[in-house]
Amino acid sequence: KPETISASVVIGADGVKSQIASYAGIGKPARVLPGIQIEAPYASEDSDFVELFPGSSAPGFFAWTVPLDEKVSRIGLALEPGIACKSGNGENSPLSYLEKLLHSNPHVKARYAGGMTDFVVGGIPIGPQEKTFSDGVLLAGDAAGQTKPTSGGGIYTGAFAAKIAGKVAAEAALGGDTSARRLSEYDRLWRKGLAKELDIGMKIHDYMGKLEDTQLNELIGSLNTPSILNMITEYGDMDHPSVLMRKLMFSGNSLRLMKAFGTFLKTLF
Ligand SMILES: Cc1cc2nc3c(=O)[nH]c(=O)nc-3n(C[C@H](O)[C@H](O)[C@H](O)COP(=O)(O)OP(=O)(O)OC[C@H]3O[C@@H](n4cnc5c(N)ncnc54)[C@H](O)[C@@H]3O)c2cc1C
């Protein structure tokens with residue numbers, strides 16, 4: 001039997017297709033990448049490492065294998081529909097790219113044993129909502145577009161923002177003021193913690209997504225020096241890409257990097 005529950009604040013953590021965001025007049029995230037992932041038998045070379053396949057394997061984003069153990073991995077991808085269309089590969093659905101990866105990529109084909117034990121499809125919002133609050137409403141997680149544009153990961157960032165949302169919502173409700181003005185504190189606080197990384201991530205996403213395979217090979221090849229690899233090992237952090245970018249930029253390798261990235265690096269800081 002339907003039940004009506006009243007609350008002075010509602011936190012919309014209802015995902016990328018958030019109904020609560022629509023009810024609050026905020027709307028849904030503007031850019032959403034279609035993603036697909038299976039869990040399947042896959043012989044990993046080293047189950048401590050994920051594999052990434054940027055470029056034409058998943059135009060505009062990348063494909064991945066994430067080992068659960070040495071025999072099973074999560075294999076998936078997401079793509080930018082606009083870039084996939086322009087690449088002229090005919091079929092542009094994530095499923096068709098996944099099938100191509102599994103059956104035509106020599107590296108993956110040699111390790112994938114066929115079949116699957118799980119299958120997930122979903123949208124990955126890229127770029128946060130301009131506003132994540134309204135009278136009596138806060139948005140958190142994918143509903144607020146808080147995923148990392150570089151990796152599509154939204155669990156860490158969503159949980160970070162959700163903690164702030166819970167605190168601000170509780171304090172506002174107890175104080176008897178749940179107006180948009182009062183709840184805007186949440187928007188300010190989560191952006192203080194995440195906006196810089198998301199902004200840099202967005203620039204990296206847009207830059208990397210447009211590169212052709214040959215350009216990507218050149219770029220990755222140019223990073224293949226002992227000192228750069230050491231720096232990546234020491235400072236690489238999926239959740240804070242700006243730390244590594246800054247270290248690289250201001251290291252003795254800056255000339256080599258400027259050559260590889262052109263003026264793009266300068267636009268990050
Ligand atoms: C293929 C793929 C792989 C991914 N891999 C990773 C990864 O490895 N690491 C990572 O950090 N992130 C990953 N992500 C992103 C991650 O899944 C999301 O960022 C994260 O799940 C967002 O959490 P959320 O709670 O905001 O939204 P969701 O996980 O979408 O949860 C929203 C919940 O709200 C419920 N809901 C919606 N509408 C209603 C309603 N009207 N009434 C009641 N309930 C409702 C839904 O059922 C759902 O349970 C991946 C995404 C995809 C698509």
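A polar contact is a pair of N or O atoms within 3.5 Å; within protein, one atom must be able to donate a hydrogen and the other to accept it, and residues adjacent in sequence count only if both atoms are side-chain atoms. With that term in hand, I turn to the structure. It is a predicted model, in which local features need pLDDT of at least 70 and side-chain atom pairs count only at pLDDT 80 or more, while totals for chains, interfaces and linings use all residues. Residues are numbered from 1 along each chain as its sequence is written, and side-chain values use heavy atoms, without hydrogens and water.

I begin with the ligand. A backbone N or O atom of Ile155 lies 3.1 Å from an oxygen atom of the ligand. For Gly154, a backbone N or O atom is 3.2 Å from a ligand nitrogen atom. Asp142 takes part through its side chain, where an N or O atom is 2.7 Å from an oxygen atom of the ligand.

Next, the aromatic residues. Rings of Phe, Tyr and Trp (its six-membered ring) pair if their centres lie within 6.5 Å; planes under 30 degrees apart count as stacked, over 60 as edge-to-face and the rest as tilted. Two aromatic pairs are found in the whole structure. Phe61 and Phe62 are stacked, at 4.6 Å centre to centre with 20° between the planes. The rings of Phe62 and Trp64 have centres 5.8 Å apart and planes at 65°, so this pair is edge-to-face. Together, Phe61, Phe62 and Trp64 form one aromatic cluster.
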